[in-house]
Amino acid sequence: MYVHYCEEEECEEWGGWGNSPSPAVPTRWWCFEHFPHKSYEQEQALKRKLEAAERGNIIQ
């Protein structure tokens, strides 16, 4: 098992979302928030999650 972290600068999250166009190209890894190939539904779910977290921080 390999440890992959997100390729986005200053992100220290686990890179559980890997993508490679072919076996000849090294796999690039991102966390879910930075994964560039999300569907519209996944984008909307992430947006709701981030908004809810932001509201929680404002209340606290």
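1. Some ground rules come first. Because the model is predicted, local features need pLDDT of at least 70 and side-chain atom pairs count only at pLDDT 80 or more, while totals for chains, interfaces and linings use all residues. Residues are numbered from 1 along each chain as its sequence is written, and side-chain values use heavy atoms, with hydrogens and water left out.

2. The partners are the side chains of E7 and R28, at 2.9 Å from N to O. E7 lies in the segment before β1 and R28 in strand β2 (residues 28-30), so the pair ties together parts that are 21 residues apart in sequence. Strands here are DSSP runs of E with at least two residues, numbered from the N terminus. Side chains of opposite charge can pair when their charged atoms come close.

3. A patch of negative charge on the surface gathers E8, E9, E10, E12, E13 and E33. Patches are made of residues with over 30% relative accessible area and no salt bridge, where like charges are joined within 9 Å and nonpolar side chains (Val, Leu, Ile, Met, Phe, Trp, Tyr) within 5 Å. Of these residues, E9 lies in the segment before β1 (17-19) and counts as exposed at 72% relative accessibility. E10 is found in the segment before β1, is exposed at 80%, and has a positive phi of about 65° although it is not a glycine.

4. V3, Y5 and W14 make a nonpolar surface patch of about 350 Å². V3 is found in the segment before β1 and, with a relative accessible area of 56%, is exposed.

5. Which residues does W17 touch, leaving aside its neighbours within four places in sequence? W17, which lies in strand β1, is in contact (heavy atoms within 4.5 Å) with R28, W29, W30, C31, F32, F35 and Q42. W17 is partly exposed, with a relative accessible area of 35%. From C-alpha to C-alpha, W17 and L50 are 19 Å apart in space and 33 residues apart in sequence.

Methods. Areas by Shrake-Rupley, 256 points an atom, 1.4 Å probe, with all protein chains shown as cover. Salt bridge = Lys/Arg side-chain N within 4 Å of Asp/Glu carboxyl O. Lys, Arg positive; Asp, Glu negative; His and termini not counted. Charge placed at Lys NZ, Arg CZ, Asp CG, Glu CD. Helix = DSSP H or I, 4+ residues; strand = E, 2+ residues; numbered from the N terminus. Buried < 20%, exposed > 50% of the residue type's maximum accessible area, 1.4 Å probe, protein only.
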